[in-house]
Amino acid sequence: MTSFKLFKAGQFSPLSTAISVATAVQSFAHRHPRRVSAAVLTVLAGSAVTAFGVSDLGALPPGPAPVITQITESVEPSQLAAQVQAIDNQSLTLYRSELTRPADTVDSLLKRLGVDDADAAQFIRHDTVAANLLKGRTGKAIKALVEDGRLRELIVRGPAGDGDNETHFTRLIIERTANGFTARQQIVPLEVRQQLVSGTIQSSLFAAADDAGMPDAVTTQVAEIFGSDIDFRRELRKGDTFSALYEAHTADGEPITWGHASGKVLAARFINKGETHDAVWYQESGRKGAYFDLTGKSKTRAFLASPLAFSRVTSGFAMRFHPIQKTWKAHLGVDFGAPTGTPVRSVGNGVVSFAGVQNGYGNVVQIQHNGDRTTVYAHLSRIDVRRGQRIDQGDRIGAVGATGWATGPHLHFEFKVNGKQIDPMVIARASESLQLSPQSLGAFKKVATTVAQRLNQASDWHTAGAQTGPRFE
């Protein structure tokens, strides 16, 4: 324990006494830092936060303590009472939303909407226009205004029919008036709005897209756009992220629930294993539109990575146990599992060199491409081309089946160079791609810069956890 000596008053000056005490405290703190820290924490825990300052004690001027003046002013928003009254007088209108189901009746639908109104049910059953509510395809979007179980208004949005589903929708309105119910139906143009969405891979691309609220049609487009950059069969990783800017078809400002709810993907980003891949839709004057990376290099290659639109793959380019021969052997190709009848496309331009039946391959098509490159499509349920026919990339050549030595419906696909099977993903990545002309490159880069900023914004929303679904732009 450190002891402090006491001095008689007047023996030392105030300044020297303060210095001596400070020196003693400092010495004690050096020898017992933990005790000092504990004492300081105890004082701070029981008091308000205080700012301390140390100055030369000899520099303090003599005189009375400083006077502290406190000024208090009452501040109140102008016209506060009027604002509160206006809020009280405002009415809040709440709508109930539903989708029509295959087994729906008038009564079951109204019950789900919280409607207990015999007059409304009777009107919908017997009115010629109102009866369209449950006619045609299901999945119509319904919005109901209900007060104490009584129906005030019912708005139904569904497909237009007669081949106009891609451009128009039907709006059916049922209203309660002073003289009873009325019903009217309108054909209204669909609106096209841009939506921005982001997601993170946890298990699969489609599962992540569902969590992000991205339509399947958009997911498929994204997979097609980056199909030559990313092998979605083997290279997808948990934690990979994606963003997409796409066209959404809306009815009265709300995404439609039928037909093609989405249009073209305008831009997309996929970060796979830490590597960023970007794509921007751009149409150069006098040429077809296509996707390009941010430098202006086309995402379209001379060969597609897959003869099917993005789908489940049963096995990759590797060793496998042959299901018929019961032996391990090199599987020099890729098997794409898909339902019978799924369209099969050519991965590149070429000429059909064979279309017929070949032993274990069953129905098979072989296409000769430039130089020494050929592709083989086997186990087809049908063949849609003939020998000698010229084929463009993406043309349908047949459909998935289970002919030949196949235990289930799938497509067996091979890519050969000089007669030797090569991994088709390697060929797709190494194949040629187009470049924008120098005249269009400057204009494209301006577009690409703007799009990149929007994709960055989508990624920031997603990282911050602020995005729970697609955002309209």
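**Notes on the predicted model**

1. The lining of the largest pocket draws at least two residues from each of α7 (216-225), β10 (275-282), β11 (290-292), β12 (297-301) and β24 (433-435). Please keep in mind throughout that this is a predicted model.

2. The space in the largest pocket comes to about 1,200 Å³. Its lining has 47 residues, and those closest to the pocket centre are Lys299, Thr300, Arg301, Leu304 and Gln393. By class, the lining residues are 20 nonpolar, 15 polar and 12 charged.

3. For the protein as a whole, the secondary structure consists of 9 helices and 25 strands. Of the 473 residues, 36% are buried. Among contacts with a separation of 6 or more, 62% join residues 24 or more positions apart.

4. Arginine 345 belongs to strand β16 (residues 343-345). Is arginine 345 buried or exposed? Its relative accessibility is 16%, and the cut-off for buried is under 20%, so arginine 345 counts as buried. The arginine 345 side chain reaches two backbone oxygens: that of serine 306 at 3.2 Å, and that of leucine 308, also at 3.2 Å.

5. The contacts of arginine 345, leaving out residues up to four places away in sequence, can be read in groups. They include Ser306, Pro307, Leu308 and Ala309, as well as Gly394, Asp395, Arg396 and Ile397. Glu224, Leu304 and Tyr377 are also touched by arginine 345. Of these, Leu304 is one of the residues closest to the centre of the largest pocket.

6. Serine 306 sits in the loop between β12 and β13 (318-321). Why does serine 306 count as buried? Its relative accessible area is 15%, and buried means under 20%, so serine 306 falls in that class. The serine 306 side chain reaches the backbone oxygen of leucine 308 at 2.8 Å; that oxygen is also reached by the side chain of arginine 345. Beyond its neighbours within four places in sequence, serine 306 is in contact with Phe336, Arg345 and Val347.

7. Aspartate 252 has a positive phi, near 55°, and is located in the loop between β7 (241-251) and β8 (254-255). With a relative accessibility of 33%, aspartate 252 counts as partly exposed. Lysine 273 also has a positive phi near 55°, and its place is the loop between β9 (262-272) and β10. Strand β10 is one of the elements that supply at least two residues of the lining of the largest pocket.

8. Which residues does glycine 408 contact, leaving aside its neighbours within four places in sequence? They are Gly401 and Ala402. Glycine 408 itself is in the loop between β21 (396-400) and β22 (410-417). Its C-alpha atom is separated by 9.5 Å from that of histidine 379, a residue 29 positions away along the chain.

Methods
Residues are numbered from 1 along each chain as its sequence is written. This is a predicted model: local features need pLDDT of at least 70, side-chain atom pairs count only at pLDDT 80 or more; totals for chains, interfaces and linings use all residues. Side-chain values use heavy atoms; hydrogens and water are left out. On a 1 Å grid over the protein atoms alone, a cavity is a set of points where a 1.4 Å probe fits but cannot get out, and a pocket is an open set with protein on both sides within 12 Å along at least five of seven lines; lining residues have an atom within 4 Å of a point. Grid points are joined across faces, edges and corners, and a volume is the space filled by probe spheres set on the points. Helices (H or I, at least four residues) and strands (E, at least two) are DSSP runs, numbered from the N terminus. Ala, Val, Leu, Ile, Met, Phe, Trp, Tyr, Cys and Pro count as nonpolar, Asp, Glu, Lys and Arg as charged, and the others, Gly among them, as polar. Buried means under 20% relative accessible area, exposed over 50%, partly exposed in between (1.4 Å probe, protein chains only). A polar contact is a pair of N or O atoms within 3.5 Å; within protein, one must be able to donate a hydrogen and the other to accept it, and residues adjacent in sequence count only if both atoms are side-chain atoms. Contact means heavy atoms within 4.5 Å.
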